[in-house]
Amino acid sequence: MQSPVTSSSSAKVGSPTAWWRRWWRQQTPTRQDRFAMLGPLAAVLLFMAAIVFAFWYLRVEEMEREQEAVKRDVEYAQQRVRLRLLERQEQLMRIARDIANKEIDPEEFMGRAESLINQYPELQAITWIDERRRVRASYAAPSVSNSLLRIAGEVLRVGETENIYSLARDLQQPVFSQPAAVTGASGTATPRALQLHIPMAEQGRFTGVILGEYSIDGLLRYGVPAEVTAKYAVALLDARNGLLAGNAVPARNPATTLLPWASQINEYEVPVSPVGNGLIIRAQAYRTSQGVIGSGLFWLVAALSALTSWMLIGTWRHTRRRMQAQQALVAETNFRRAMENSMLTGMRALDMQGRITYINAAFCQMTGWSEAELVGRTAPFPYWPEADLDSLAARLDDELNGRTTSGGFQVRVKRKDGGLFDARLYVSPLIDARGQQTGWMTSMTDITEPNRIREQLSASYERFTTVLEALDASVSVAPLGSEELLFANKLYRLWFGSQTAGHLQLVAQAGVPTKPPSDESMDEVDSFVGLPTGALTTARSENAEIFVPELGKWLEVRSRYLNWVDGRLAQMVIASDITPRRHAEELSAAQAERAQSASRLITMGEMASSVAHELNQPLTAINNYCNGMVSRIKGGQITEEDLLKALEKTAHQAQRAGQIIQRIRTFVKRSEPNTTLSDVAEMVTEAVELAEIELRRRNVRLSHYVAARLPKLMVDPILIEQVLVNLLKNAAESIDNAKRPTARRGVELRVIPRQVDEQAVVEFSVVDTGAGLAPEVLDRLYEAFFSTKVEGMGIGLNLCRTIVESHRGRMQAENLYNGAEVVGCRFSFWIPLSNPPYDASNPVLTNPGVTA
């Protein structure tokens, strides 16, 4: 159907009339063509107008910024010069005050003037002029010409210096001269020095001036900051705008300054105080522009550049649109490809017949098969295990018929190398852009590691539960503020059942604080939510020993706080049965008590002869007193007064015998442990009175010293007395066995305060003059049932050390030497002042067979 039309069109095109008609249509611009031609021109004009306006606006703004910068920098330079002048003025005024106070002479003045001029180069000369205008002293810089030097003794000549001198004298305040440029014979202008006259007065009477002369060039060079002189032409001017120092920007061509766009010289000037209007600082910005803005070539180039820019912008915009479309397409393709390749989930697409049409890189990586080996394949697929072919074929049939589950299903997948792994597959319909289903999309995830972890967690949980169930301790966990029981092991359930009553009972009896149940426990909101639990869960566990009557057992309860798996703050309680241990401790404590009583009985048995001798004396005296009274009464030779004296002496002797018996009875009889604040002096007195019986029998002297104002000790006094009696008795026996002469038969007991390991203690020491202890005896001194006596049982010193250590003290023994000769032995023990109460129920502290 198109062939005839094409032939007819070719015939028409070939006619001359048609050709001319088409050419004329092309040559006659339409409205769109005219707009297309005028549009770029209008755009160029608007663009150039915008450029000119922007240039003018930026130029005006730049000139204002430059003017503001010049003003700011000139004022900064003026402040620097002013501060420099004021600092020199203050230094010269100090010299003037010292001269007025007659603290310096001309020689010292010359030294200080030299120091100032060398330190501050802008100072040319410093001169001391008295009240008669005579120069007393003057020092000038080496650069000052000889014609300007002032000689000591010369008088000021009439002139500017003399006039300023008179003005300073009349005003009685510092006065600056007004510098001016002086034209020399060669026609060059030479600036005069800036003079400062500082008057001096003594008790209100004018005594002269200090004349300081500044170099104008030096003031400019050292007073104006270098950053200002680098940017501007800085000059110092006089009152008539004469150039004193510095430089100026050369004048421009007058013809160019008439152009509207020509910039004027950017300058700013300000008087320098304290000199006043006689000294002006001026700064002129250096010319940075070459004046090309006013040339026609600039405008031509600008117009051509604008036109070219417009054409280039048009071309660029067209190209940019094409490139943006192309880049967007490439980016979208790359993004989709990168997203597919970076996925850890394998993707597989099947068509409606079950043929593989697409797989991603993750699928290939999981199975080990390449895309070329899988795409186009149909069932059975090479990644199906041989043992699962039937079940996987049935799954594929369900998939193609739309019988899929939303939760996916688990299968085994074979790798190319023959290995197997567990995977979970999710199937969904594949819909194209027209909304029609073209196949099925399957996602595959490797779940081998999650399965392994799940199995390990299950096994770990089983082992953990088995261990907790087999523990011989009750373990329970309950949240704070709730009666819910989170966990309980087998022993807890055996003792208390499956309720929280047992947990709460253990907590209450152990004294562990817990929150009572409230109305908040009725809902599922943790009342402790939001509170910081870090300090609780990291704290040490709390221990307590309690007796549970319902069980008839002693339990050791340990509790601590922990964060439960759901984030709630919970309390774990572990209760262990310690009934056998408590029975053993009570039995051990009873045995230790009996051992202590037996030791005291043994001690008194060993001292029986001494006690009998001690009791025989008062009994003999009583017998004598009674026989004497009977004889004198029968003979009628006694008066009532003598009878009363004899009866009083008899009663005194009977009281003495009773005291001896009572002291022995108190020492031997042992009641329950009685730890009290005991006076050290009283304990020593009781022990000494008991031990003196044995010492007197063995003819041994006893001297004792107790330091004054000793604090009381928290001890069992009977046990401490037992230690002292045992040590004193052993000391007397050692002296007696050594056959010491009478002069050397002495025992010393000392009780003094000391510091041991930065701890305040009370030390008891017993020193004898016996034969000392052999080295092999020292090694086994505190060993149970070891004794050097023939009839000794070997429990005395062992029991003594156990008693001392039960009071948190220490005991030691050492030989005393005189050169190489052993001259005695020293037993000592100490008790801390802040020791905790003595625990008689602790077998470690009271069992005589236990040593530290």
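Keep in mind that the model is predicted.

**Stop 1: the largest cavity**

Searching the whole structure turns up two cavities of 30 Å³ or more. Let's visit the largest, which has a volume of about 150 Å³. Select R348, Y383, W384, L392 and L425: among the 15 residues that line this cavity, these lie nearest its centre.

Now colour three elements: α12 (389-400), β14 (409-414) and β16 (437-446). Each of them gives two or more residues to the lining of the largest cavity. What classes of residue make up this lining? There are ten nonpolar residues, along with four charged and one polar.

**Stop 2: the five-stranded sheet**

Next, find the open sheet of five strands. Reading across, you meet β18, β17, β21, β20 and β19 in that order, and the pairing is antiparallel. Which strands stand at the edges? Select β18 (487-488) and β19 (542-548): each has a single partner strand, so one side of each has no neighbour in the sheet.

Zoom in on the β18 end. Its partner here is β17 (residues 473-479), and the two strands run antiparallel, joined over two bridges.

**Stop 3**

Finally, select helix α15 (residues 501-510). What does this helix lie across? You will find α15 lying across β17, β19, β20 (553-563) and β21 (569-577). Turn the view to compare α15 with β19: the helix runs at about 105 degrees to that strand.

Terms used. Residues numbered from 1 in each chain as written. Predicted model: local features only at pLDDT ≥ 70, side-chain atom pairs only at ≥ 80, totals over all residues. Heavy atoms only, no water. 1 Å grid on protein atoms, 1.4 Å probe; cavity = no way out; pocket = protein on both sides within 12 Å on 5 of 7 lines; lining within 4 Å. Points joined across faces, edges and corners; volume = space filled by probe spheres on them. Helix = DSSP H or I, 4+ residues; strand = E, 2+ residues; numbered from the N terminus. Nonpolar A, V, L, I, M, F, W, Y, C, P; charged D, E, K, R; others polar. Pairing = 2+ DSSP bridges. Contact = heavy atoms within 4.5 Å. Axes fitted to C-alpha atoms, helices over the stretch in contact; angles between N-to-C directions.
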